[in-house]
Amino acid sequence: MGWGIDLKGIVSPFTALKYLGKHPHTVRYPYEKKKTAKRYRGFHINDLEKCVGCGNCAKICMNETIDMVKVEGIEPKTGDSGLRPKVDYGRCCWCALCVDVCPTGSLKLSTDYVYVDEDPNSFLYIPGLERKEYEKNVGWTCETDLDSLLDLERVEMKIMPPDERVKTFAEAVYGYTVEEAKREAERCTGCGVCISACPDRMHIPDYIKAIRDGQFDESVRIIYDNNPLPEMCGKVCTRRCEFNCIMTHRAGKENAIAIRWLKRFACEQFESYEEVLNLQPQPLNGKKVAIVGGGPSGLTVAYYLRLKGYETVVFEEMPKAGGMTMAGIPKYRFPIPSLDKQLNHIKSVGVEIRENTKVVKGEPKSNNEVSFEKLKEEFDAVFLGIGLTQPMKLGVEGEDLEGSIQALPLLKAVNFGEKINVGQKAVVIGGGNVAMDCVRVLRRFGVDVTLSYRRREVDMPADNEEIHEAKEEGVVFRTQTIPVEIIGDENGKVKAIKIQRAEMVPDPKGGRPRPVPIEGAYEVWECDNVIAAIGQKADYSFLPDDIVEKLDLQWGKIPVNERGMTKVEGIFAGGDAVNWTADAISAIADGLKAVKGIDEYLSGK
Amino acid sequence: MSYLEELKVKIENMFSPEKCYFPKENLLSFLVSNSEVRGALSYLKDVEGFKHFVMLSCVDWLEEGKFELVYIVWHPEKKVNAMVKTKIDREKAEFQSLHDMWRQICTYEREIWEMFGVNFIGHPRLEPFILEDWKDMPPMRRDFDTLHYVNEHYEWREGREESYKPRDYIGEAFDEWRKK
């Protein structure tokens with residue numbers, strides 16, 4: 001050992017100084033908590049506003065962790081069951097399947113996972129209502145479609161190409177094959193939220209499940225439980241169920257479960273329904289019910305009352321029953337054999353349908369007429385399913401000219417195979433489904449059609465699909481145009497229509513924008529026909545005046561009570577002349593209400 | 001041609017893989033017969049340099065009657081993964097243990113033995129791992145009825161009496177609500 005200066009020994013401790021301003025690798029004080037992983041699966045959080053209570057989360061959970069419960073302040077409404085999930089943390093294993101099947105994306109897991117309490121029952125809570133503090137730290141979510149376990153794409157429906165469609169009245173929609181239908185049915189999670197939108201409360205998840213399992217006869221039996229015209233509904237229903245399908249939240253309206261097409265598919269699997277349903281109507285109980293009008297509501301009443309043992313007779317003015325589904329809906333949407341199949345089934349249980357028979361007031365003038373007073377006398381109850389048969393008028397000058405017609409008589413003539421008299425160019429006025437039917441029928445006669453509507457296209461009450469298909473078929477849409485005058489030539493025939501363009505003015509009260517005519521913005525369109533399709537009203541002229549008075553009509557509609565009875569005892573009513581939705585499925589729902597009402601009324605309950 | 005694409009050609013020449021494809025950009029996946037698994041993994045490890053063993057997993061193909069074993073390995077330099085899959089019979093679920101190639105395979109195999117009931121021949125320590133006193137069917141098999149098991153083994157907590165099925169609730173309660 002030498003006595004030299006150990007320079008290294010003196011300096012090296014100071015080398016530690018170079019770490020002086022650096023971030024230490026040791027635990028820091030005060031203690032900093034490490035952040036949880038971004039996609040951690042901790043406690044549930046739920047957006048109660050967004051949640052529709054479909055119960056998919058409760059259904060998929062393998063541990064029975066989730067209950068669907070009522071929550072104060074949340075009422076059931078169309079498209080929302082009003083229930084919300086409640087989670088039991090004694091059972092949750094944080095697999096997050098509940099999040100992955102949530103159709104709205106409202107259910108998520110937070111990154112919080114620590115909760116300590118002596119009371120085990122406090123581990124039970126409704127996410128979104130209690131423990132809102134978790135909402136700050138969102139962990140596992142299912143925001144992209146890729147994460148979702150739901151099958152979000154609808155099986156495409158094949159439809160005739162537009163240039164073929166305009167040449168024929170053959171059915172345009174081809175329908176699903178067995179394989180396609182099963183594949184589409186498999187997408188349904190069976191939550192039942194769609195039922196909230198159906199006026200008739202059809203058993204939608206049940207018949208879709210039967211299709212999925214390949215039990216098509218069972219499916220038809222379920223459908224016939226509360227709908228005697230399912231093939232009609234399967235083709236032309238306004239399908240509010242689909243617009244409220246939970247799939248729409250993530251995938252849009254066009255990817256809702258094709259409930260309508262599936263119903264159609266099930267019904268089309270059979271040539272006739274007698275064998276499939278194998279119904280045994282109750283023996284006649286001696287009570288008789290007269291039904292005025294053979295539309296959907298009337299046929300529903302006749303069918304189900306006959307099954308209950310009542311003798312039912314339907315009086316139909318036209319040569320064929322079916323009401324507007326026969327007279328109004330064009331045959332490329334709802335072919336006659338399809339209607340016949342259902343009418344035959346209704347007749348097969350013993351319903352009598354007297355076609356070409358008009359109900360009138362006073363004494364009947366011919367064999368084809370029967371007086372209302374007599375019906376009232378002979379039958380124990382009368383049901384009015386008269387529908388809306390009187391087309392509304394435009395109320396502009398020149399409406400009486402030759403060539404100015406109404407949509408409804410035109411459609412009726414076409415549907416019953418009568419000759420129609422239209423020119424080369426036509427202007428149709430209106431934006432509802434009748435207007436769409438009218439323009440599309442005219443296109444099939446090779447007519448150059450322009451559609452005039454007072455509001456914008458988004459405001460049209462017609463079905464989007466119909467609007468789209470009409471456009472494909474070459475109908476010219478002129479929105480925000482208001483007819484002012486129909487101009488005739490020297491022979492009293494329509495020559496042109498004068499319209500005024502309009503602008504949309506927002507409603508200060510928050511309602512939908514109103515069209516206001518622009519001063520001086522007139523246009524004259526040459527045409528051979530002007531066809532008004534702006535709505536229909538009911539025709540009460542067949543009823544005796546005292547009864548019309550007693551019915552106490554409100555805005556042209558017949559008020560009824562919860563049993564479907566009008567203010568006149570023994571007279572029930574339903575269908576378009578009663579409800580404001582005025583579609584076939586609402587009419588069927590009204591019919592079923594009246595069936596219950598008439599049954600209770602006649603059996604003295 | 002990227003490294004993985006070249007590797008794909010080599011694998012196709014050397015073994016007889018089915019469904020050799022790229023599920024992700026940096027991942028090559030292929031299915032080989034049982035006898036080729038050790039060879040494929042050995043080639044990937046010793047020749048290509050997939051030094052790191054990522055994981056071993058099992059998929060239950062109940063309808064086919066097969067279990068699928070999935071070996072995933074990682075190449076630290078090329079930064080790519082390879083996935084070697086093989087299918088074994090579900091009825092007679094057994095496979096050779098590969099614990100000598102990477103030691104951590106031991107643990108994975110033990111877990112799969114416990115959860116799926118696959119017997120790994122030559123494994124030094126096949127004994128219960130997570131489950132205690134488990135006498136039932138291995139729980140990760142798809143025919144294991146979790147719901148049934150849960151209802152049999154766990155009590156219902158108080159305060160869970162109220163519970164509705166949305167489908168039934170809509171049927172009944174909605175008409176009440178409509179009347180309002």
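Q: Which residue of strand 5 of chain B does Ile72(B) stand opposite?
A: This is a predicted model. Strands of a sheet pair through backbone hydrogen bonds, either parallel or antiparallel. Here Ile72(B) stands opposite Met83(B) in strand 5 of chain B. The two strands are strand 4 (residues 66–75) and strand 5 (residues 80–89) of chain B, paired in the antiparallel sense over 10 bridges.

Q: In what order do the strands of that sheet in chain B lie?
A: The order is 1-2-5-4-3, in an open sheet of five strands with mixed pairing. At the edges stand strand 1 (18–24) and strand 3 (52–61) of chain B. Each has a single partner strand, so one side of each is left without a neighbour in the sheet. Neighbouring strands of this sheet are turned by 20° against each other on average, direction ignored.

Q: How is the sheet 8-7-6-11-22 of chain A paired?
A: Its pairing is parallel, and its five strands form an open sheet. The edge strands are strand 8 (352–354) and strand 22 (571–573) of chain A, each pairing on one side only. From one strand to the next, the twist averages 20°.

Q: Which residue stands opposite Phe383(A) in strand 22 of chain A?
A: Phe572(A) does. The pairing there joins strand 11 (residues 381–384) of chain A to strand 22 of chain A, in the parallel sense over three bridges.

Q: How many bridges join strand 6 of chain A to strand 7 of chain A?
A: Five bridges join them, and the two strands run parallel. Lys288(A) stands opposite Glu311(A) in strand 7 of chain A. To get from strand 6 to strand 7 of chain A, the chain passes through helix 13 of chain A, and this β-α-β crossover is right-handed.

Q: And what pairs strand 7 of chain A with strand 8 of chain A?
A: Three bridges, again with the strands running parallel. Val314(A) stands opposite Ile353(A) in strand 8 of chain A.

Q: Why is strand 7 of chain A described as largely enclosed by the rest of the structure?
A: Count the neighbours of each residue. A residue is buried if 20 or more other C-beta atoms lie within 10 Å of its own. Four of the five residues of strand 7 of chain A are buried, so this strand is largely enclosed.

Q: Which strands does helix 13 of chain A touch as it packs on the sheet?
A: Helix 13 (residues 296–307) of chain A touches strand 6 (288–292), strand 7 (311–315) and strand 11 of chain A. Its direction makes about 165° with that of strand 7 of chain A. Helix 21 (residues 584–602) of chain A lies across strand 6, strand 11 and strand 22 of chain A. Helix 21 of chain A runs at about 165° to strand 11 of chain A.

Q: At what angle do helix 13 of chain A and helix 21 of chain A pack?
A: Two packed helices are described by the angle between their axes and the distance between the axes. For helix 13 and helix 21 of chain A, the angle is about 35° and the axes are 7 Å apart. Their crossing is right-handed. Helix 13 of chain A contributes residues including Thr300(A), Val301(A) and Tyr304(A) to the contact. From helix 21 of chain A come, among them, Ile588(A), Gly591(A) and Val595(A). By class, the contact residues divide into 11 nonpolar, three polar and one charged.

Q: Which residues of helix 19 of chain A are buried?
A: In helix 19 (residues 464–472) of chain A, Ile467(A), Glu469(A) and Ala470(A) are buried. Their cover includes helix 18 (433–444) of chain A. After helix 19 of chain A comes Gly474(A), with a positive phi near 95°.

Q: Is Leu131(B) buried or exposed?
A: Leu131(B) is exposed, with 12 other C-beta atoms within 10 Å. Its place is in the loop between strand 7 (119–121) and helix 4 of chain B.

Q: How many residues of chain B are in contact with chain A?
A: 22 residues of chain B contact 28 residues of chain A. Helix 4 (146–153) and helix 5 (166–179) of chain B are the elements that give two or more residues to this side of chain B. Helix 5 of chain B gives the most, with nine residues. The residues on this side of chain B divide into 10 nonpolar, five polar and seven charged.

Key: Residues are numbered from 1 along each chain as its sequence is written. Chains are lettered from A and ligands numbered from 1 in the order in which they are written. This is a predicted model: local features need pLDDT of at least 70, side-chain atom pairs count only at pLDDT 80 or more; totals for chains, interfaces and linings use all residues. Two strands pair if DSSP finds at least two bridges between them. Axes are lines fitted to C-alpha atoms, for helices over the stretch in contact, and angles run from 0 to 180 degrees between N-to-C directions. Two residues are in contact if their C-beta atoms, placed from the backbone, lie within 7 Å. Ala, Val, Leu, Ile, Met, Phe, Trp, Tyr, Cys and Pro count as nonpolar, Asp, Glu, Lys and Arg as charged, and the others, Gly among them, as polar. A crossing is left-handed if the near helix is turned anticlockwise from the far one by less than a right angle, and right-handed if clockwise. A crossover is right-handed if, with the strands pointing away from the viewer, the path from the first strand over the helix to the second runs clockwise.
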